[in-house]
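My notes follow in the order in which I looked.

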Amino acid sequence: MNKETFYQPVISPVTLPVDVPLCQADYPLDHYQSEFVPYAEEYLALPDRTIGRILKWMTPYMQKAQTHFGDKLLLLAHYYMGGEIVQLIEHFGGQIGDSYQLALKAAKHPEKSLIIESAVHFMAESISLLAHPNQSVYITNPKSGCTMEMMAKDYMVEPALHDLNERYGANNILPVCYMNTSGRIKAMTGAQGGAVCTSSNVKKICQWAFSQNKKVLFIPDRYMGENVAYWLGIEDVAYWPGGTAGAQYRLDQQDNKTLDQFDRAKLILFGSYCAVHTYYQPYMVEYWKKQGYCTIVHPECTNEVVRVADQAGSTAFIWDFVTQDKAGIQKYAIGTENHMVDNLKRYASELSNTPTKIVNLAEAPNLEGYKAMGCGCATMSRNDPPHLVALLDLLRQGKTLDYNLVKPGDVVDEFSGKRTRLSETSQTWLVENARRALQKMIEITES
Ligand code: SF4
């Protein structure tokens, strides 16, 4: 690409290709909260969605906010945000990370009292759980939920914990919850002595959990749980259904065969999962292996996929493995969220004179010759440029955007946008117990 087609940034050293269209669909005006509509109208009136055009529109707003807030401001985004959004955030001096890295940002930067997150709600809530009292955490679009988290709400998981505690005794049940859960689930976990885990430390956390000689209730992801069972050689596994079926499931209504499975189980998996990662199939891995590629998948993929892939690991693991060419063959087929694969493709192509070749695992042809495209995290991409601009500009003007403020225990209905907030007393209980589960994770991970 010609040098003139790159926008030279004012704030960060990142260069952006100005003539590339933003990888994101427009939302209708009624998708935006009322205060944000004037900004969305300006955005929708732009003649096109090329990066150069969007930057020209965003920059005066962003610079005014940055001048106003100075060093207090911290902009954050997740790797799964649409490629250009990630680069826009970096362009304005923000930081990108996976859910573990994002969760620790507030705690590690007490001087940043205003934290703006462009990612899904549970990630913003995790930051808020570990935040110092002087810090406020905002999400640009509260309706950005995670489908895995939506199928493991507290009222869906509570019956599982209640029935298991009743049948086996609370002392014999140890919950381990994935970072992709609400603060309410993290608090339930911490209150019973359990720990949070992420895709990067799940094996280590589960090894710790099994060493306690209790039945481990893994909330969710059922596929990551199956992968851990495979890695650690755990054979006795039982399943609690995810979603609303989980809320209605009762142990005393199960037949003897199912109860026997629960009685023998060392690991009980709560059945929620990520639709983005379960898209991948074993034939895709096999195809790319035959083409001489090193195949790497995320542990939210099914166990059939993980078993045949060369490597499986977290977002940060995949990023490092590929950018450092750890397989030494410069050919990688990746099975994870689409925007992350696109970001990696672009980044790796600029790394050296002999760019690493990266394909999305889904691009493998099936028996009919059809090549798929993989899957993006659509809910995360609900944080678009007008949301970021509107939030920052209105905060700069001194407006109280309580709807975007993220407090521990908040629940947002992803369809209606209605938010439910806990009383201060309940928030205090939740923070104490969720932190206990997060601290346990940090303690085990760093040990
Ligand atoms: S990719 Fe899947 S697990 Fe990750 S945030 Fe999106 S829906 Fe949730």
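I looked up K331 and found that its bridge partner in β15 is K357. Strand β14 (residues 331-335) and β15 pair in the parallel sense over four bridges; strands here are DSSP runs of E with at least two residues, helices are runs of H or I with at least four, both numbered from the N terminus, and two strands pair if DSSP finds at least two bridges between them. I noted that this is a predicted model, in which local features need pLDDT of at least 70 and side-chain atom pairs count only at pLDDT 80 or more, while totals for chains, interfaces and linings use all residues. Residues are numbered from 1 along each chain as its sequence is written.

I then traced the open sheet, whose four strands run in the order β13-β12-β14-β15 with parallel pairing. β13 (311-312) and β15 (357-360) are at its edges with a single partner strand each, so one side of each has no neighbour in the sheet.

Next I checked helix α7 (residues 154-168) against helix α8 (residues 183-191), which pack at about 20 degrees with axes 10 Å apart; axes are lines fitted to C-alpha atoms over the stretch in contact, and angles run from 0 to 180 degrees between N-to-C directions. The two helices, α7 and α8, are therefore roughly parallel, a term for angles under 35 degrees. D154, V157 and L161 of α7 meet R184, I185 and M188 of α8, contact being C-beta atoms, placed from the backbone, within 7 Å.

Last, I found P133 in the loop between α5 (121-129) and β6 (136-139). P133 is exposed, with 7 other C-beta atoms within 10 Å, where exposed stands for 12 or fewer.

Terms used. Parallel < 35°, antiparallel > 145°, perpendicular 65-115°, else oblique. Contact = placed C-beta atoms within 7 Å. Buried ≥ 20, exposed ≤ 12 C-beta atoms within 10 Å, placed from the backbone.
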